[in-house]
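Colleague: I am new to reading protein models, and I would like to go through one with you step by step. Could we begin with the overall plan and then move on to the details?

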Amino acid sequence: MARLFAVCLVLLSFAMAAAAARPATATSSSSSTADAPPTSGDCGSDVQDLIVNCQDYVKFPADPKIDPSQACCAAVQRANIPCVCNKVTPDVEQLICMDKVVYVVAFCKKPFQPGSNCGSYHVPGSLA
């Protein structure tokens with residue numbers, strides 16, 4: 001039962017991190033895109049979708065990084081990344097490798113903005 005709980009937390013973390021693939025900052029700017037999803041709300045179905053399709057690609061250990069499946073990338077593309085990222089807690093970050101999350105969302109062509117945050121994880125680089 002504890003292992004199932006841990007897997008669920010890992011997947012939740014990934015989903016949240018994937019949500020951060022869209023630029024998300026503490027101060028929202030309307031200059032991004034008019035149709036960008038809100039940064040908060042109920043994105044539980046996105047989290048579940050990411051868990052089901054992406055968990056194998058974001059678990060520890062940090063290496064090796066494995067290219068995600070088409071199903072995982074489809075889930076990343078559908079996800080409300082800012083909402084999911086808002087759900088990433090320190091406990092979730094203990095269960096999933098945030099470096100792998102960054103790799104997966106970049107591979108799926110929805111990369112995090114350098115310098116942004118997902119949960120407490122700071123995406124390497126600086127905001128341009």
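Modeller: Let us begin with the terms: helices (H or I, at least four residues) and strands (E, at least two) are DSSP runs, numbered from the N terminus. Please keep in mind throughout that this is a predicted model. Counted in this way, the protein has six helices and two strands.

Colleague: In what order do the elements run from the N terminus on?

Modeller: The order is α-α-α-α-α-α-β-β, read from the N terminus on. Among contacts between residues at least 6 apart in sequence, 81% join residues at least 24 apart.

Colleague: How should I describe two packed helices?

Modeller: In general, two packed helices are described by the angle between their axes and by the distance between the axes. Here, helix α2 (residues 44–58) and helix α3 (residues 70–78) have axes that come within 8 Å and cross at roughly 145°, and the crossing in which α2 passes α3 is left-handed.

Colleague: Which residues of α2 and α3 make the contact?

Modeller: From α2 come Asp-46, Asp-49, Leu-50, Asn-53, Cys-54 and Tyr-57, while α3 gives Ala-71, Cys-72, Ala-75, Val-76 and Arg-78. Sorted by class, the contact of α2 with α3 holds seven nonpolar, one polar and three charged residues.

Colleague: How much of the protein is buried?

Modeller: The idea to hold on to is that a residue is called buried when its relative accessible area is under 20%, and exposed when it is over 50%. In this protein, buried residues make up 41% of the 128 residues, and the accessible surface comes to about 6900 Å², of which 57% belongs to carbon and sulfur atoms.

Colleague: Which residues have the most contacts inside the largest nonpolar core?

Modeller: They are Leu-50, Val-76, Val-104 and Phe-112, in a core of 29 residues. The elements that give two or more residues to this core are α2, α3, α4 (81–86) and α6 (98–107), and the largest share, six residues, comes from α2. Leu-50 of α2 and Val-76 of α3 also take part in the contact between those two helices.

Colleague: What is found just after α6?

Modeller: Just after α6, Lys-109 takes a positive phi of about 65°, a positive value in a residue other than glycine. Lys-109 is found in the loop between α6 and β1 (117–118), and Lys-110 is found in that loop too.

Colleague: Are Lys-109 and Lys-110 buried or exposed?

Modeller: Lys-109 counts as exposed because its relative accessibility is 71%, whereas Lys-110 counts as buried because its value is 7%. The C-alpha atom of Lys-110 is separated by 9.2 Å from that of Ile-81, a residue 29 residues apart from Lys-110 along the chain.

Methods:
Residues are numbered from 1 along each chain as its sequence is written. This is a predicted model: local features need pLDDT of at least 70, side-chain atom pairs count only at pLDDT 80 or more; totals for chains, interfaces and linings use all residues. Side-chain values use heavy atoms; hydrogens and water are left out. Axes are lines fitted to C-alpha atoms, for helices over the stretch in contact, and angles run from 0 to 180 degrees between N-to-C directions. A crossing is left-handed if the near helix is turned anticlockwise from the far one by less than a right angle, and right-handed if clockwise. Contact means heavy atoms within 4.5 Å. Ala, Val, Leu, Ile, Met, Phe, Trp, Tyr, Cys and Pro count as nonpolar, Asp, Glu, Lys and Arg as charged, and the others, Gly among them, as polar. A nonpolar core is a set of buried Ala, Val, Leu, Ile, Met, Phe, Trp, Tyr and Cys residues joined through side-chain atoms within 4.5 Å. Buried means under 20% relative accessible area, exposed over 50%, partly exposed in between (1.4 Å probe, protein chains only). Accessible areas come from the Shrake-Rupley method with a 1.4 Å probe; for residues, only the protein chains shown count as cover.
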